[in-house]
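Visitor: Hi! I have a structure to look over and some quick questions about it. Could you walk me through it?
Guide: Happy to, let's bring it up.

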Amino acid sequence: MRDIHPFLSKSQWLRKEIFDMVIRTQKGHIPSCYSCSEIVLALCYGGMIRFDAKNPRSKNRDSLIVSKGHAAMVLYPILADLGFYPKEELLKFTNPNGILRMYADHTIPGIEAICGSLGHGFTIAAGYALAAKRDGRDSKSYVIVSDGECYEGSVWETAMFASHYELDNLITVVDRNGLCILSETEKCVKLNPLEDKWKAFGWNVINVNGHSYTDIFRGFDDLVKNKNKKPTVIISKSVKGKGISFMENKVEWHNKMPNAEQVGKARENLEKNCIIN
Amino acid sequence: MSTQNILPRDVFVNQIYEEALKNKDLYFLSADFGAQALDKFRDQLPHQFIHAGISEQNMVDIAAGLALNGKLAYIYAMIPFVTFRCYEQVKVALATMNLPVTVVGVGSGYSYDDAGPTHYATEDISCMRALGNIEILSPGDTQSTFEAAKLTFTKPAFRYIRLDRKFLPDIYQKGETRFLKDGICEIDKGEEICIITTGYMVQKVRQAKEILLKEGIQIGVIDLFRLKPIQGTLLSSIVSRYKGVMTVEEQFLSGGLGSAITEVLADERILLPVKRVGINDHYYLDNGGREYLHKLCKIDVQSIVEKIKQFHASLAGNRVLSSK
């Protein structure tokens, strides 16, 4: 049984770091980062991803692409903490003399590819998986896509492609927070039954509670057990804005900035651990 | 020796195949588009060939993923599908990250004359040259197609290669490379008017040239092998020997070859009369073949001859005016 306590404090740390960066610069998408924080932390600190911070493009690394580019910030404090770049870069977020910006790109150490337009990172990640397969490398390609991103037709082109080419080294997380910019996905153009769609395209599907480390690591254990040559999608049921009560599940907070009073309230929230297990 | 009995795509893919035998990091992706030479590639090098599905958007980003892993990738389809269909993928993944991926399109202009506007490529120069970081090559015969192919692996870059669907007559002799360095070649020297053209239209302009010779007008012909970037200094020095410049293309005029030339001439402060000839802003839903379509939009040889004569006469008028 894995000790999840260190991860609980990481959750709190990551949310605070992101919040500080956004409030300082008035730029960024807090709720989209918070819905995928736990699964990204579990991937980065849970021994799932092999990386070399001093040699970010080393041949035998595993890759992680946050294809939902508006949540690029979820990686920024983590990459600094892991030594890809100095922590001072977090203070220089969006500054002309800093390397970090709202949407990430390949010029930032630890970032594999430019993302921001939905659907690209997922397919590029499939290209990574294919390259590793053809090279005979055992590198894995992890990619985080949003549920709204699944509206992009190219996602399903690649879903078909990855299944045909047996890219079992492609692990896709769908951050199923249920919201896009204007409304709930099921009220806009419904995505359900999402699990059936992925299965029909030839993928293994693992469902996890995106805010439970116990469940996420259970999902990772299931992932490792899969030996059927299929790519795997982890559908991570999550809450957009998780951790700040008034932002949770509220579409209007996609890229809205809190006022001074709300900032105070949010900081109170962030002092408490919002993850239960 | 004539080499015009080989299709441009076979010339291209043959070269890539030869290189792929030596370079195991070379990957050729097709969105279900073939070539005789590609059959050999698929058969002999299945490990380096990837059928991307009829999924051009997928193909572009898969190629980007391969390129980010040190591969030399080619994406291959008919021009409309490998450019317009997946334009944003080409922009985001290939152009912004400036990846060494070669976009190979077959069917410039009305190549697919029997297929209609879905298959015509009458805007690809405009749309592709709008992208940053791109180099665009427009070979008009076997030798220049051969050299274009070689360039893609000797100097890997983000490139767009536009090929014609049909057999093309020779412009250059085997082994000739004078078009390569600057991407511009004055293939026929003339007087007073020089015509700048590219690809399939080179032969048409040369036919017009022969007709005009009999009428005492000797035009110069420039083959623009590289559409982007255009070597402005060389272009200026060539056209400065003439009194007028005409561009001829199998493209809409907005943003096409003629636009590119006028931009360069303006930047170089070359104050010469310029006449652009191309397709009027219209999608033809007509049967009858390429020649017939050319007649409809007045870029057939006879129309080109007439337009050159008119332009020639107007230049004479100008000269009288300016001599007063």
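**A chat about the two chains**

Guide: A:Pro193 sits in the loop between α8 and α9 (194-200) of chain A. Please keep in mind that this is a predicted model.

Visitor: What is the peptide bond from A:Asn192 to A:Pro193 like, cis or trans?
Guide: That bond is cis, with omega near 0 degrees. For background, most peptide bonds are trans.

Visitor: And which form does the bond from B:Lys228 to B:Pro229 take, cis or trans?
Guide: It is cis, and omega there is near -10 degrees. B:Pro229 lies in the loop between β10 (226-228) and α9 (232-239) of chain B.

Visitor: Staying with backbone geometry, what is the phi of B:Glu192?
Guide: B:Glu192 has a positive phi of about 65 degrees although it is not a glycine. Its place is the loop between β7 and β8 (193-197) of chain B, and B:Glu192 counts as partly exposed at 23% relative accessibility.

Visitor: What about B:Arg269, is its phi positive or negative?
Guide: Positive, about 60 degrees, and B:Arg269 is not a glycine either. You will find B:Arg269 in the loop between α10 (257-267) and β12 (274-279) of chain B. With a relative accessible area of 73%, B:Arg269 is exposed.

Visitor: Changing topic: how many disulfides are there over all chains?
Guide: The count is 0. Take B:Cys86: the closest cysteine sulfur to its own belongs to B:Cys127, 9.3 Å away, which is too far for a bond. The cut-off for a disulfide is 2.5 Å between the sulfur atoms.

Visitor: Are those two cysteines buried or exposed?
Guide: B:Cys86 is buried at 0% relative accessibility. B:Cys127 is buried too, with a relative accessible area of 15%.

Visitor: Now helices. How many of the residues of α7(B) are buried?
Guide: 10 of the 13, so α7(B) is largely enclosed by the rest of the structure. Among the buried ones are B:Thr142, B:Glu147, B:Leu151 and B:Phe153.

Visitor: What do they pack against?
Guide: The buried residues of α7(B) pack against α1 (8-22), β3 (72-78), β4 (101-106), β5 (135-137) and β6 (159-163) of chain B.

Visitor: What happens at the start of α7(B)?
Guide: There, a side-chain oxygen of B:Asp141 comes to within 3.4 Å of the backbone nitrogen of B:Gln143.

Visitor: Where is B:Asp164?
Guide: B:Asp164 is in the loop between β6 and β7 (184-188) of chain B. It is buried, with a relative accessible area of 2%.

Visitor: Which side chains make polar contacts with the side chain of B:Asp164?
Guide: B:Ser108 makes one, at 2.9 Å, and B:Ser111 makes one at 3.1 Å. Contacts of B:Asp164 beyond four places in sequence also include B:Pro8, B:Tyr200 and B:Arg290.

Visitor: Which residues touch the most other members of the largest nonpolar core?
Guide: Of its 85 residues, A:Leu170, A:Trp198, B:Leu29, B:Ile75, B:Leu94, B:Leu235 and B:Val239 do. Helix α6 (residues 120-135) of chain A gives the largest share, 8 residues. Domain 1 (8-163) and domain 2 (184-323) of chain B both contribute, so this core lies between them. Apart from it there is another core, of 63 residues, among them B:Phe28 and B:Ile308.

Visitor: Last one: is A:Ile181 buried or exposed?
Guide: Exposed, with a relative accessible area of 54%. A:Ile181 belongs to the loop between β3 (170-176) and α8 (185-188) of chain A. Leaving aside neighbours within four places in sequence, A:Ile181 is in contact with A:Val251 and A:His254.

Key. Residues are numbered from 1 along each chain as its sequence is written. Chains are lettered from A and ligands numbered from 1 in the order in which they are written. This is a predicted model: local features need pLDDT of at least 70, side-chain atom pairs count only at pLDDT 80 or more; totals for chains, interfaces and linings use all residues. Side-chain values use heavy atoms; hydrogens and water are left out. Buried means under 20% relative accessible area, exposed over 50%, partly exposed in between (1.4 Å probe, protein chains only). Helices (H or I, at least four residues) and strands (E, at least two) are DSSP runs, numbered from the N terminus. Contact means heavy atoms within 4.5 Å. A polar contact is a pair of N or O atoms within 3.5 Å; within protein, one must be able to donate a hydrogen and the other to accept it, and residues adjacent in sequence count only if both atoms are side-chain atoms. A nonpolar core is a set of buried Ala, Val, Leu, Ile, Met, Phe, Trp, Tyr and Cys residues joined through side-chain atoms within 4.5 Å. Domain bounds come from an automatic or database domain assignment.
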